[in-house]
Amino acid sequence: MFGFADPLGLILLPLALLPLVVHGQSAVAYSSIALLPVDRLSDALNWILRLLAAISVIAIVLGISGLFRSEESVARIGQGAQTVILLDSSGSMDTPFVIGNEKNSRVPKWGTYTSKGQIARRLLAQYAAQRTQDMFALFLFSGNPIPVLSLTEKQVVVQAAIAAGSIERSLASTDLGTGLIRSLEFFDGKAFTGSRIVMLVSDGAATLTIPVQDQIKRLLKKHRVTLYWFYLRTESSPGLDTEMATATAQQIAPEQLVHKFFSEMELPYRAFPAENPQALQQAIAEVNKLQNLPIRYTDIVPKRDLSPWCFGIALSLLLMLASTKFCELQEWH
Amino acid sequence: MSGRRNVQIALLLLAAALLAATFARPTLQLPRQTFRYVMVFDITQSMNVMDVSAAGSTRLEYAKKTALDALSEMPCGTEFGLALFTGHRAFLLITPIEICANYRELSTMLSSIDWRMTWEARSEVAKGLYKSLELLKALPGQTRLVFLTDGHEAPPLNPDVPPQFAGDKGAIRGLLVGVGGALPVPIPKLDEEGAVQGVWKSDEVMHIDSFRAEKNAREGKLALNSGTEHLSSLRETYLQGLADNTGLTYHRLTETAGLSRELKSAALAIPKITTTDVRGMLALAALLALVASLVKGPLTRGRLPLAGGSQAFPPLSGK
């Protein structure tokens, strides 16, 4: 498909008729033109020259109007994935990591430290920047799920969406279940082109009811999604794998039950507990390695400016016209 | 005669030279007016009232649609970011991105803004506005604010201690856009699916601020459960006051053209040195030279020496 960057320039197009009206050739005084024989060659030459002039006008006008070939999607085989980043935006993500934030006072003052949420967003931004062939979506969950960005391959947009949440504080509460279910909707109606990932970045503390668990399991299976959980441990949590009775876990570490449910789904899942920025970075690097299987993906061939071709064609035609001018007779004896 | 031919050749060569120059990809550094906005949408429940000029449309839907239409009319190079307001703050969804290259993503994001994204069932407009101005200040570069709201404070403000604006008046410029009708109307209650489940009743909302309500309760006074706070209208005078305090421009949303005009106003433009492609100008000059060379030849008045075709007399001799 073709298009014009400045379609307004096309109003100059009627100028192409000018060479057909005006011959632009030197006239020679002659007593009676009717006396001359019809010369088919001269007639042809005349019209060829006019046509060339008309074509050069058209070419220049198309160039001025910015003729381009639209971007095209081409199916390629490469490395890439469809990744939904599901980011916890609850207030706890505003706290510093368990380990790794230096100089934090007992009550950290916002703005004087880098929060878990900010570190996570920075590392995710780096991850996205490395994976230019992937499509990314961003979904936040707090009290209510906030679908921010549906799957796109545009890095600028992905980076802007990831960066946006780092500027101010996070929101209030957490509803992991609804967030996870709604984020899987991003895969609805999207062609399955290879690996699909949900990157859950959260510091836990959520309970999933049985119906919610069933729905999560069903959707993960339906959309063939691999779930990665980057678990950013809060200071008070014993972690994901401590030996603990279910009742106790319910009380003090609900994330253990969530982890248990994910592990027992018999679906691709892996948890990456991270207590500090380095651990999170390693975890993300590991996913980067895991997700290097070849997949079919759609590459966008960017739109191509064709105006240089237009100007090039016009240029060569003009040189031809100029050189024929040299051959024009000035006088006829 | 020969002079005319030389002029024609000179013009053709000039045109050719100008076209050849386009291949050097010449650019000019020109000062240009650009625009960069963050649009903050009020997604509180009062925005679900259907009292806007578009029939069957809620305030929020109307604000979204008008904003998207106005955004589409901005020149390429304009940047837009999106944010939500509810509770007492704004939450940034995306930092400003260029509208033409990213139109599909921006329009999808804008269209999917929904009252269900709310994180707090309060609507503290003044605080939300002040917080939005702080947020924009924290963004790198100059950014203008577009805050779309009906100005409905819920719970109501304590008139003795209204929220104070601590920032610099006029430090962040932009628009405070009022959405809604002038007459107070009931606020619909919506369920999770967005279906209307009745309206908010007088005894279900707070009619005075929490501070005085608690004071009354301590003093054993009866809770005040009558008033007009369960009804909502565009609080225009209030918003104009907020705009004056913060140095924003108040604009009442009535049509796309009005908003579009405000967004394109020179007062909100951000001067920027941009690199402009001048190939088009060179090519235009080449076109003029080519046209001039054509007209420089004799016009088609009378017969053309080489035109051939019909002739008054048959040729004396053929080939």
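Reader: Which residues of strand 5 of chain A are buried on one side, and which on the other?

Author: In this predicted model, local features need pLDDT of at least 70 and side-chain atom pairs pLDDT 80 or more, totals for chains, interfaces and linings use all residues, and side-chain values use heavy atoms without hydrogens or water. Residues are numbered from 1 along each chain as its sequence is written, with chains lettered from A and ligands numbered from 1 in the order written. Strands (E, at least two residues) and helices (H or I, at least four) are DSSP runs numbered from the N terminus, and buried means under 20% relative accessible area, exposed over 50% and partly exposed in between, with a 1.4 Å probe and protein chains only. On one side of strand 5 of chain A the buried residues are A:Met135, A:Ala137, A:Phe139 and A:Phe141, and on the other they are A:Phe136, A:Leu138 and A:Leu140.

Reader: How many of the residues of strand 5 of chain A are buried?

Author: Both faces of strand 5 of chain A are covered by buried residues. Strand 5 of chain A is largely enclosed by the rest of the structure, because the buried residues number seven of the seven.

Reader: In which sense do strand 5 of chain A and strand 6 of chain A pair?

Author: Two strands pair if DSSP finds at least two bridges between them, and strand 4 of chain A joins strand 5 of chain A in the parallel sense over seven bridges, with A:Thr83 opposite A:Phe136. On strand 6 of chain A, A:Pro147 is the bridge partner of A:Phe139, and three residues lie between strand 5 and strand 6 in the hairpin that they form. Over five bridges, the sense of this pairing of strands 5 and 6 of chain A is antiparallel.

Reader: Which residues does A:Arg121 touch, not counting residues up to four places away in sequence?

Author: A:Arg121 belongs to helix 3 of chain A and counts as buried, because its relative accessibility is 6%. With contact meaning heavy atoms within 4.5 Å, A:Arg121 touches A:Leu87, A:Ser89, A:Leu138, A:Leu140, A:Ala161, A:Ile162, A:Gly165 and A:Ser166.

Reader: Which elements of chain B do the buried residues of helix 4 of chain A pack against?

Author: Helix 4 of chain A, residues 155-164, has as its buried residues A:Val157, A:Val158, A:Ala160, A:Ala161, A:Ile162 and A:Ala164. Within chain A these residues pack against strand 4, helix 3, strand 5 and strand 6, while the elements of chain B are strand 4 (89-98) and helix 3.

Reader: At roughly what angle do the axes of helix 3 and helix 9 of chain A cross?

Author: The contact of these helices includes A:Leu123 and A:Tyr127 of helix 3 of chain A and A:Leu280 and A:Ile284 of helix 9 of chain A. The axes of helix 3 (residues 116-130) and helix 9 (residues 277-290) of chain A come within 10 Å and cross at an angle of roughly 25 degrees.

Reader: How far apart are the axes of helix 2 and helix 3 of chain B?

Author: B:Lys64, B:Leu68, B:Leu71 and B:Ser72 of helix 2 of chain B meet B:Tyr103, B:Ser107, B:Leu110 and B:Ser111 of helix 3 of chain B. Helix 2 (residues 59-72) and helix 3 (residues 103-111) of chain B pack at about 165 degrees, and the distance between their axes is 10 Å.

Reader: What percentage of the 319 residues in chain B is buried?

Author: Chain B has eight helices and twelve strands, and of its contacts between residues at least 6 apart in sequence, 79% join residues at least 24 apart. Among the 319 residues of chain B, the buried share is 47%.

Notes:
Axes are lines fitted to C-alpha atoms, for helices over the stretch in contact, and angles run from 0 to 180 degrees between N-to-C directions.
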